[in-house]
Amino acid sequence: MSRFSDGPGARIVGLGHYQPARVVTNDDLAADWGVETNDAWIQERVGIKARRFAAEGETTLDMSVAASGKALAAAGIEAADVDLVVVATLTPPTMLPNVASQVAARLGINAPGAFDVNTACSGFSYGLATAQHAITAGASKTALVIGAEKLTDVMDFQDRTTCILFADGAGAAVVTASEQNGIGPVYWGSDGPRGEVLNIDDDGYIRQEGQAVFRWATTALAPLAKQACERAGVDPSELVAFIPHQANVRIIDLIAKRLGATNAVIARDIVESGNTSSASIPLALSKLVERGELPSGGPALLFGFGGGLTYAGQVVTIP
Ligand SMILES: CC(C)(COP(=O)(O)OP(=O)(O)OC[C@H]1O[C@@H](n2cnc3c(N)ncnc32)[C@H](O)[C@@H]1OP(=O)(O)O)[C@@H](O)C(=O)NCCC(=O)NCCS
């Protein structure tokens with residue numbers, strides 16, 4: 001089988017992230033929001049120690065712009081050179097105009113293709129694949145792919161089974177055409193008949209059947225993540241990093257074990273950031289790269305999963 005990095009294609013050349021200033025610990029949720037919970041329960045069942053909440057006027061658009069500016073600087077690419085902006089989000093501040101065209105306007109990107117993607121927590125992998133497809137089809141040369149959420153807008157602080165999980169933040173990647181491909185074929189799919197287990201209800205708040213989501217994540221997903229490796233011609237043992245959606249440390253560790261990512265750094269950004277849906281993968285990846293914890297040039301598996309139910313993953317080369 002040929003390897004994903006044989007021949008020309010697209011690759012990630014820069015990453016950036018943004019997290020709001022406000023750090024909220026598990027004890028803060030109990031003290032400031034009156035949530036009937038405690039630090040020990042959350043750490044044991046989910047693995048979260050703290051998360052970030054956006055300020056009142058701070059939006060998914062603001063966070064997207066901040067993360068994108070950093071990704072462009074890391075890539076050494078001018079905003080004017082970007083010709084495609086893709087924003088994965090389920091919390092746009094407005095449905096119209098979309099977030100992507102507003103990000104472009106704020107950054108001074110002139111007349112790019114600009115669209116939003118909503119596949120919830122798998123959104124970044126869908127967005128990355130779509131940008132890759134545009135580049136390899138010759139429709140674009142330089143894309144900005146963003147995952148950004150202000151989940152505090154859709155969190156019910158009376159519901160302790162959800163409000164302890166979610167948070168705000170953004171991550172971004174600059175993707176360019178490249179002589180050596182650095183993004184493997186996406187493995188994506190969905191399970192619509194089971195979609196009701198995770199939804200935004202008529203009252204505007206996220207609801208979930210936690211145990212059903214947990215079971216799905218820990219039984220169905222590892223073989224699907226493996227498919228993304230197979231499509232890239234990479235054995236899971238060769239991965240230098242596994243960056244799954246940051247939903248629950250127990251879910252992350254079970255998928256990593258069943259996948260056989262024995263030599264990989266496993267992203268556990270959820271511990272300090274909570275679940276930021278479509279932002280969680282680029283946020284975790286950008287932080288690991290910034291801290292110098294991943295070897296440049298090595299293969300890493302990104303794997304998103306969640307609302308829909310949807311999933312998507314691809315092997316990428318660490319920039
Ligand atoms: C939500 C989740 C952490 C709940 O953990 P769980 O082990 O399934 O917990 P349960 O719902 O069985 O509840 C166990 C007990 O803890 C209690 N509990 C629930 N939430 C609590 C909280 N925040 N703090 C303290 N106790 C809590 C329950 O009331 C229950 O008490 P009881 O035994 O007296 O009835 C877990 O199901 C999960 O992570 N699911 C996946 C969710 C997810 O990742 N969603 C996003 C996907 S993108």
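Let's start in a loop: Pro 97 sits between β4, residues 84–88, and α4. Please keep in mind that this is a predicted model. What joins Leu 96 and Pro 97? A cis peptide bond, with omega at about 0°.

Leu 309 belongs to the loop that links β13 (299–306) with β14 (310–317). As a reminder, most peptide bonds are trans, and most residues other than glycine have a negative phi.

You will find Ala 111 in the loop from α4 to β5, the strand at 113–117. Is Ala 111 buried or exposed? Its relative accessible area is 69%, and the cut-off for exposed is over 50%, so Ala 111 counts as exposed.

Now compare Ser 277, another non-glycine residue with a positive phi, here about 50°. Ser 277 is in the loop between α9 (270–273) and α10 (280–290). Ser 277 has a relative accessible area of 2%, so it is buried.

Let me follow the chain into α10 itself. How many of the eleven residues of α10 are buried? Nine of them are, so the helix is largely enclosed by the rest of the structure. If you want to click through them, the buried residues are Ser 280, Ile 281, Pro 282, Leu 283, Ala 284, Leu 285, Ser 286, Lys 287 and Leu 288. Just past the end of α10 comes Gly 292, with a positive phi of about 70°.

Next, a helix pair. Please turn the view to α3, residues 60–75, and α4, residues 99–107. Their axes come within 10 Å of each other and cross at roughly 55°. That angle is why α3 is described as oblique to α4. The crossing of α3 and α4 is right-handed. Which residues of α3 and α4 meet? On the α3 side they are Leu 61, Asp 62, Ser 64, Val 65, Ser 68 and Leu 72, and on the α4 side Val 99, Gln 102, Val 103, Arg 106 and Leu 107. By class, this contact of α3 with α4 comprises six nonpolar residues, three polar ones and two charged ones.

Now over to the start of the chain. Ser 5 lies in the segment ahead of β1, which spans 9–18. With a relative accessible area of 17%, Ser 5 is buried. Where are its contacts? Setting aside neighbours within four places in sequence, Ser 5 touches Gln 180 and Asn 181. I also looked at Ser 5 against Ser 190: these two are 185 residues apart along the chain, and their C-alpha atoms are separated by 27 Å.

Finally, the annotations. An unreviewed UniProt entry places a "Beta-ketoacyl-[acyl-carrier-protein] synthase III N-terminal" domain at residues 115–192. Over residues 115–192 the chain is 18% helix and 35% strand, with its end C-alpha atoms 23 Å apart. The unreviewed UniProt entry also has a "Beta-ketoacyl-[acyl-carrier-protein] synthase III C-terminal" domain, at residues 229–317. For residues 229–317 the values are 34% helix and 25% strand, and the end C-alpha atoms are 12 Å apart.

Thanks, everyone, and I'm happy to go back to any of these views.

Notes. Residues are numbered from 1 along each chain as its sequence is written. This is a predicted model: local features need pLDDT of at least 70, side-chain atom pairs count only at pLDDT 80 or more; totals for chains, interfaces and linings use all residues. Side-chain values use heavy atoms; hydrogens and water are left out. UniProt positions are given in the numbering used here, feature names are shortened, and annotations may be inferred rather than shown by experiment. Helices (H or I, at least four residues) and strands (E, at least two) are DSSP runs, numbered from the N terminus. Axes are lines fitted to C-alpha atoms, for helices over the stretch in contact, and angles run from 0 to 180 degrees between N-to-C directions. Angles under 35 degrees count as roughly parallel, over 145 as roughly antiparallel, 65 to 115 as roughly perpendicular and the rest as oblique. A crossing is left-handed if the near helix is turned anticlockwise from the far one by less than a right angle, and right-handed if clockwise. Contact means heavy atoms within 4.5 Å. Ala, Val, Leu, Ile, Met, Phe, Trp, Tyr, Cys and Pro count as nonpolar, Asp, Glu, Lys and Arg as charged, and the others, Gly among them, as polar. Buried means under 20% relative accessible area, exposed over 50%, partly exposed in between (1.4 Å probe, protein chains only).
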